[in-house]
Amino acid sequence: MSKSKVTPEEALAFHMEPTPGKFEITATVPMTTQRDLSLAYSPGVAVPCEAIAANPELAYDYTNKGNLVAVISNGTAVLGLGNLGALGSKPVMEGKAVLFKRFADVNSIDIELDTEDPDAFCNAVKLMGPTFGGINLEDIKAPECFIIEQRLKEEMDIPVFHDDQHGTAVICAAGLINALHISGKKIEDVKIVLNGAGAAGIACIELLKSMGARRDNCIMCDTKGVVYQGRSEGMNQWKSAHAVKTELRSLKEAMVGADVFLGVSVKGAVTPEMVESMGDNPVIFAMANPDPEITPEEAHDVRMDAIVATGRSDYPNQVNNVLGFPYLFRGALDIHARAINDEMKIACAHALAALAREDVPDEVALAYGKNLSFGRDYIIPTPFDPRLIYRIPPAVARAGMDTGAARRPIIDMDAYELSLKSRMDPTASILTGINARARAAQARMIFAEGDDPRVLRAAVMYQRSGFGTALVVGRADDVKTKLEAAGLGDAARELEIVNAANTTHLDGYKTHLYERLQRRGFDGADVHRLAARDRHVFSALMLAHGHGDGLVTGATRKSAHILDRINHVFDADANSKAAGITALVHKGRIVFIADTLVNEWPDEENLADIAEQAATVARNMGLEPRVAFVSFSTFGYPVSERSEKMHQAPLVLDRRGVNFEYEGEMTVDVALNPKAQQAYPFSRLTGPANILVVPARHSASISVKLMQEMGGATVIGPILAGVGGSIQICSSNSTANDILNMAVLAACKVG
């Protein structure tokens with residue numbers, strides 16, 4: 001994946017819209033009736049209060065303590081930005097809370113403490129202890145971070161984990177396990193050089209030593225050179241613990257013959273000459289961010305046998321903390337752990353390493369646009385591997401139970417793993433995967449409505465996010481003026497602006513269009529007006545001739561008008577196999593509704609076509625399709641002429657011999673509810689349907705808008721499928737972000 005360019009304007013808008021911040025609190029119990037309120041608060045709340053007072057362990061049963069982590073900072077070491085203060089760190093801490101929820105379904109609250117006094121900090125955190133099941137410390141400068149973490153570990157009976165230290169250490173250890181496996185070396189034999197004696201560096205070397213690395217084989221360096229016994233300059237008790245007896249004094253000297261380099265320091269700290277001096281099959285973890293100590297290209301120029309990892313997503317082998325902390329806490333919370341100990345961290349590292357050695361699921365390969373397999377460029381799993389949630393926490397939990405850290409051991413680990421599989425929202429991985437695929441595709445995306453500021457902002461975001469090239473249909477002076485008005489004047493030179501006046505292909509476009517329309521009542525003048533003056537037709541002609549890879553339009557006109565114009569160039573009407581499929585995302589589920597765009601009143605053959613198109617879209621989005629033809633009747637009852645075609649459509653698919661699950665006709669509850677399906681053991685569906693083919697476009701529209709307005713579902717689409725080109729039509733009330741999302745779908749060719 002290429003590295004995305006994020007502008008200050010985009011970052012600020014993301015944090016401000018639709019509401020300030022990155023998360024909100026929602027109720028998990030009904031709060032609608034007086035009885036609900038009486039149970040949630042007074043007088044009903046008194047019962048669990050008394051129970052917990054009598055037995056504090058019951059707090060894990062009657063409150064959210066068992067799935068609640070505090071992300072706490074004083075803002076003294078915020079990312080690479082330095083001491084921004086407590087309030088300045090809040091966006092980062094909110095982001096960390098969102099990552100906990102996204103990757104491991106751990107609820108998290110950010111807390112910013114306005115003090116640089118370790119005693120005051122520790123006292124504040126300790127006093128809040130009863131609220132939380134765990135404490136994640138973040139962005140606290142060294143050496144205070146060591147003091148604070150150690151004291152809180154000693155004084156609190158819940159896990160306390162400084163992710164800047166241990167998160168990096170765990171992922172580094174996982175990668176090193178596999179790198180040494182590939183190079184045929186053992187951790188107890190290798191010479192390890194660490195550059196960067198801060199919180200992360202010290203945690204890395206301590207964890208590796210606890211895994212078997214020998215003290216005399218580990219050389220630590222900082223800005224003053226090698227940390228050796230007897231050195232006095234720039235030392236503290238944490239560095240001194242890792243000082244070794246050696247004549248080496250510089251990083252350059254230490255690197256000679258080294259098997260492993262670990263860098264948590266600064267850009268350019270390692271030279272090609274240093275890499276050249278290392279031992280056979282050197283392992284180089286250049287983890288400085290945003291720029292590594294040495295790039296993989298520079299390292300491989302002098303040592304093709306090197307195994308290189310960095311902290312960046314645009315290089316193979318990213319050392320990413322998000323692979324660790326969510327799953328460590330998930331496992332620790334689920335055993336009501338008193339602490340996260342070394343054994344739990346080591347178990348996490350080994351589980352991650354083992355996962356990387358297994359075959360990579362198809363959905364991960366689909367998301368990254370390439371096949372991934374264990375080797376020098378794949379020693380650490382990707383953050384979007386769906387197996388992480390049910391492979392890492394059980395390993396952590398087992399280690400916690402084996403070492404006595406668990407208050408409530410898990411009895412049935414198989415059931416626990418199953419619960420983890422069903423716990424996560426599958427839609428997040430799917431949607432993230434689509435973005436990754438779009439970046440890999442690098443599609444030339446045609447934005448047909450270059451006179452609309454929303455479209456222009458979407459085009460700029462598309463290009464700056466690294467998805468590919470944005471081709472904007474419009475007049476150059478008009479585009480520039482509107483970009484300047486939107487505060488994006490510098491983007492005018494980045495975008496490729498196209499129109500009938502500046503293309504050399506117009507004659508070819510008109511010839512093509514005349515051949516399609518000459519028997520539909522269009523003469524040469526009509527064709528010229530359409531090709532030269534109608535931006536939707538012009539854009540479709542660009543796509544048809546391969547002068548773009550995808551097309552997004554619809555922000556300025558109603559979809560029926562757009563579809564009519566596209567139909568001049570592509571077959572996109574009810575007489576074709578075209579269909580509009582809308583995805584509803586709600587509470588961790590994706591359900592596709594079809595047809596929401598093209599067919600007004602489809603017959604059974606059309607319905608079968610729609611089902612096939614919807615199945616293709618589902619598969620292109622990483623889902624295995626299960627189609628239900630829905631009506632107000634189920635398998636013939638009640639009898640109605642209106643539902644007959646829904647009964648016949650599956651028979652059409654029978655004749656066609658399609659390769660996906662389908663069934664019908666049935667009511668929506670039978671289609672979506674596994675318990676309701678139990679009443680029909682002959683049904684061919686093996687689970688809840690994820691595609692609902694409805695009788696008519698009006699019923700599709702009603703269903704989508706009702707779910708959107710009353711159910712709070714997120715709507716994606718309609719996704720136009722089956723037209724012979726990757727075209728997506730936005731709604732006229734789309735935001736710039738909505739338009740960008742449709743462009744991403746077009747880039748992935750989901751239709």
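View 1. Leu-37 lies in helix 2, which spans residues 34-40, where helices (H or I, at least four residues) and strands (E, at least two) are DSSP runs numbered from the N terminus. In this predicted model, local features need pLDDT of at least 70 and side-chain atom pairs count only at pLDDT 80 or more, while totals for chains, interfaces and linings use all residues. Residues are numbered from 1 along each chain as its sequence is written, and side-chain values use heavy atoms, with hydrogens and water left out. Together with Val-29 and Met-31, Leu-37 makes a nonpolar surface patch of about 250 Å²; patches are made of residues with over 30% relative accessible area and no salt bridge, with like charges joined within 9 Å and nonpolar side chains (Val, Leu, Ile, Met, Phe, Trp, Tyr) within 5 Å. A salt bridge here is a side-chain nitrogen of Lys or Arg within 4 Å of a carboxyl oxygen of Asp or Glu. Leu-37 has a relative accessible area of 39% and is therefore partly exposed, the class between buried (under 20%) and exposed (over 50%), with a 1.4 Å probe and protein chains only.

View 2. The structure holds one cavity of 30 Å³ or more, and the volume of the largest cavity is about 30 Å³. A cavity is a set of points on a 1 Å grid over the protein atoms alone where a 1.4 Å probe fits but cannot get out, and lining residues have an atom within 4 Å of a point. The largest cavity is lined by Asn-74, Thr-76, Glu-116, Pro-118, Lys-141, Glu-144 and Ile-148. By class, this lining has two nonpolar, two polar and three charged residues.

**View 3. Two cis peptide bonds.** Tyr-637 and Pro-638 are joined by a cis peptide bond with an omega of about -5°, and Pro-638 sits in the loop between strand 17 (626-630) and helix 28 (644-656). Another cis peptide bond, with omega about -5°, joins Gly-664 and Glu-665, of which Glu-665 is found in strand 18 (residues 661-666).

View 4. Asn-317 counts as buried because its relative accessibility is 5%. Gln-442, also a residue other than glycine, has a positive phi near 50° and is placed in the loop between helix 20 (426-441) and strand 11 (443-447). With a relative accessible area of 39%, Gln-442 is partly exposed.

Note on methods: On a 1 Å grid over the protein atoms alone, a cavity is a set of points where a 1.4 Å probe fits but cannot get out, and a pocket is an open set with protein on both sides within 12 Å along at least five of seven lines; lining residues have an atom within 4 Å of a point. Grid points are joined across faces, edges and corners, and a volume is the space filled by probe spheres set on the points. Ala, Val, Leu, Ile, Met, Phe, Trp, Tyr, Cys and Pro count as nonpolar, Asp, Glu, Lys and Arg as charged, and the others, Gly among them, as polar. Accessible areas come from the Shrake-Rupley method with a 1.4 Å probe; for residues, only the protein chains shown count as cover.
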